[in-house]
Amino acid sequence: MIIVLRPNASEHDLEQIVTQVTALGLTPHVSRGVSRTIIGCIGDEDRLREVPVLAFPAVETILPVEKPYKLAAREFVARDTEVALGGAAVGDGAVHAIAGPCSVEGRDMLLETAEAVKAAGAVALRGGAFKPRTSPYAFRGLGAEALELLAAVRETTGLPVVTEVLDTRHVALVADKADCLQVGARNMQNFALLTEVGESGKPVLLKRGMSATLEDLLLAAEYVLARGNTQVMLCERGIRTFERAMRNTLDIGAVPYLKRETHLPVLVDPSHAAGRRDLVPALALAAVAAGADGLLIEVHPDPDHARSDGDQSLTLDAFAELMDRVRDVATAVGRRVAETATP
Ligand code: PEP
Ligand code: MN
């Protein structure tokens, strides 16, 4: 249930209503828009009927939220959520690029990649320390050592770092070094992990599960939001369909759909969708035209010798070239590309 206040409602009016809602055992979420303040209420909505909320002169109307997710619903919050990533604000309307290797393989390759993606316009560095791999015998990341390398490269370049956390036991360790915690496709419905990252105090990049519906994704985000963490970005990264030509099928329609359904920023990862580097630019450009708030792109100085996902990783030059085209498409659709944050 959402209580919409009149534009002239005072702080005192707001406090009075919040007190009433709390006394009924519901949790109020106050959200201030440009012209109106709204109070989203979570809990047993029937209890709200016990008090004539509409009788408060400051209340304009009461609206039900007919969706299973509440905190993630666009109606529930008066303005778009912006997620802080270093100096950047993902969700502010600009296109934000987050780029880097699939996995952190060592200091030199990480630094070289970070400097190149920064020069090309990325606002953050990605790089896996703990890697979810289909085979237990594949390279599973350098773990804690990679976290140290990411933190050191952030010091040198000023780029904030995004890295995946696979396990509830590692949330504190990863949160200590990273600027943003990635929850991967394979963990999108790991509810214990979602709860932990919700309590970490760090921004979260939540990737869509490969067989998850958009409602599943929004409900997964709801788990994080319900722990008081409003800094959540969603990421479409391709889903499993009958099509085998590419690694996954990029659901481009997810972008405009999610932008309507939720106030959270929506990113697209064209790398894991395509699975091959020659198709990554076209998918990235389509995502920008469709309204994505950002791109998550795998980049490697020597993709043919990468320890994971080399086939879909762009070279440093190819990434720089892509960013020029991203700027062209952004301009063509009346958008802009976020500038690299300076240290
Ligand atoms: C990744 O970003 O490196 C990754 C493992 O992605 P996903 O969880 O989407 O497969
Ligand atoms: Mn990868």
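**Charged pairs inside the chain**

Lys207 and Asp269 are both buried, where buried means under 20% relative accessible area, exposed over 50% and partly exposed in between, for a 1.4 Å probe and protein chains only. This is a predicted model, in which local features need pLDDT of at least 70 and side-chain atom pairs count only at pLDDT 80 or more, while totals for chains, interfaces and linings use all residues; side-chain values use heavy atoms, without hydrogens or water. Residues are numbered from 1 along each chain as its sequence is written, with chains lettered from A and ligands numbered from 1 in written order.

How do the side chains of Lys207 and Asp269 meet? They form a salt bridge with an N to O distance of 2.6 Å, the term being used for a side-chain nitrogen of Lys or Arg within 4 Å of a carboxyl oxygen of Asp or Glu. If you follow the chain between them, you will find that this pair links distant parts, with Lys207 in strand β11 (residues 204-207) and Asp269, 62 residues apart from it, in the loop between β13 (266-268) and α8 (270-274). Helices (H or I, at least four residues) and strands (E, at least two) are DSSP runs numbered from the N terminus.

Arg208 forms a salt bridge with Glu236, at 2.7 Å from N to O. Here too distant parts of the chain are linked, since Arg208 sits in the loop between β11 and α6 (214-225), and Glu236, 28 residues apart from it, belongs to strand β12 (residues 232-236). Arg208 counts as buried because its relative accessibility is 4%, and Glu236 counts as buried because its value is 1%.

Now please look at Arg276 and Asp278, whose closest N and O atoms are 2.7 Å apart in a salt bridge. Is Arg276 buried or partly exposed? With a relative accessibility of 37%, Arg276 counts as partly exposed. Elsewhere, Lys67, Glu75 and Glu261 are joined in a network of salt bridges, and the count of salt bridges comes to 21.

**How the helices pack**

Glu261 brings us to helix α7 (residues 254-261), whose axis comes within 11 Å of that of α6, the two crossing at roughly 45 degrees. Axes are lines fitted to C-alpha atoms, for helices over the stretch in contact, and angles between N-to-C directions run from 0 to 180 degrees. On the α6 side the contact (heavy atoms within 4.5 Å) is made by Leu214, Leu217 and Leu218, while α7 contributes Ala254, Tyr257, Leu258 and Glu261.

For another pair, turn to helix α2 (residues 107-120) and helix α10 (residues 316-332), which pack at about 20 degrees with their axes 9 Å apart, and which are therefore roughly parallel to each other.

Let me end with Thr27, which lies in strand β2 (residues 27-32) and is partly exposed, with a relative accessible area of 42%. Once its neighbours within four places in sequence are set aside, Thr27 is in contact with Gly40, Cys41 and Ile42.

Notes
Angles under 35 degrees count as roughly parallel, over 145 as roughly antiparallel, 65 to 115 as roughly perpendicular and the rest as oblique.
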